[in-house]
Amino acid sequence: MRKLVRRHLGKVVAGGALAVAATAALLAVTLPEQAGADDSGDRAAAGSARQDAAVGREGVVEAAPEEGTKGIGSDPLTDAETELAQKAALNSNGLRSSARDVEGDRGPQRLSTNLAESEPDDSGADAPRRAQIVYYDYKKDTVITKTVNLDSGKVESTEQAQNVQPPPGKEELTEAAQLLIADEHGKGLKQDYKKATGKDLSGPGELELSGFVFRKETIKSVPSDLTECGKHRCLQVVTKVKNGPWIDTRSFVVDLSARTVGRLG
C-alpha cells in the first residue's frame with residue numbers, strides 16, 4: 001500500500017515539476033530578449049497601453065444628427081413629413097369642418113400617422129413616399145383612412161369604414177377615464193385611489209392609462225347599455241396610480257360615442 005502511495009505521490013510531484021518547467025518556458029518566451037534597467041520605462045508604458053486597450057475608453061455622448069425634412073425609402077416619417085400629411089388630410093373634402101373628435105369638437109379624432117406601404121410599381125430611390133393617417137369621426141362613427149403623397153403633398157386616396165375599431169389613441173383613453181371617474185361606476189376607482197394615496201382622485205391626469213377596444217362578441221351576455229358597441233366606439237380602460245399600484249377597472253366599458261359607462265357581469 002505504501003509503495004502505491006509513494007508511486008502516486010511521485011507522479012504528482014513529477015507533474016508539478018513539469019508544470020513549473022512549462023511556466024518557466026512560457027515566461028522565457030513572452031519576456032523581451034533584452035530587458036535591462038534602461039528599458040523599464042518602455043515596458044511600463046507598453047503595459048499601461050495594453051491595460052487601457054483592454055478596459056476601453058469612456059463612452060462619449062454625442063448629439064443626435066439633425067433630422068432632415070424628408071426621409072428616404074423606408075425611413076420613419078420626419079416631423080416635417082408628418083405635419084405635411086396631417087395638414088393635407090384635414091383640408092381635403094371638408095374633413096376638418098364636418099367630422100367630430102372624441103370630445104365633440106370640430107375635426108376628426110386622429111388615431112395614427114404612419115409611413116404607408118410602397119405600391120407594387122414603386123421601386124428605386126426615386127419612388128414616392130406616402131403617409132397613411134387614420135381618423136375616427138365620432139359624428140358618423142366612421143373610421144377614415146387617408147393616404148398622402150409626400151412628394152406632391154396631395155391626398156391620393158380616402159377610405160371610410162364602419163363597424164371597424166382600430167386600437168385607441170391617448171386622447172381617447174384620457175376621455176374614457178374622465179367619463180368613468182365622473183360616472184357612478186367610478187366610485188370604486190376613486191375609493192381605491194384614496195386608499196393608495198390618501199388623496200382624492202380629481203382627474204385622469206393622476207393616473208397612468210392604457211386600454212383596449214371592447215369587443216362584445218367575446219362575451220356571452222352583453223348588457224343592454226353596451227349592445228351598440230362595435231358600431232359605437234367602446235373602450236375598456238386599465239388604470240394605475242402613478243408610481244403606485246394597479247386598480248382593476250376592466251369590468252367597466254366606456255361608450256365614447258354615447259358618452260356612457262356600462263358594467264360587465
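## Where we start

In which strand is Thr 113 found? Thr 113 belongs to strand β1, which covers residues 109-115. Strands (E, at least two residues) and helices (H or I, at least four) are DSSP runs, numbered from the N terminus.

Before going on, two notes. This is a predicted model, where local features need pLDDT of at least 70 and side-chain atom pairs count only at pLDDT 80 or more, while totals for chains, interfaces and linings use all residues. Residues are numbered from 1 along each chain as its sequence is written, and side-chain values use heavy atoms, leaving out hydrogens and water.

## Around Thr 113

Thr 113 counts as buried because its relative accessibility is 17%; buried means under 20% relative accessible area, with a 1.4 Å probe and protein chains only.

Its side chain makes polar contacts with the side chains of Gln 86 (2.9 Å) and Arg 110 (3.2 Å). A polar contact is a pair of N or O atoms within 3.5 Å; within protein, one must be able to donate a hydrogen and the other to accept it, and residues adjacent in sequence count only if both atoms are side-chain atoms.

## The sheet

Strand β1 is part of an open, antiparallel sheet of 4 strands in the order β1-β2-β3-β4. Strands β1 and β4 (154-161) stand at the edges with a single partner strand each, so one side of each has no neighbour in the sheet. Two strands pair if DSSP finds at least two bridges between them; β3 (residues 142-149) and β4 pair over 7 bridges.

## The whole chain

The protein chain has 6 helices and 9 strands. Buried residues make up 31% of its 265 residues.

Conventions: Buried means under 20% relative accessible area, exposed over 50%, partly exposed in between (1.4 Å probe, protein chains only).
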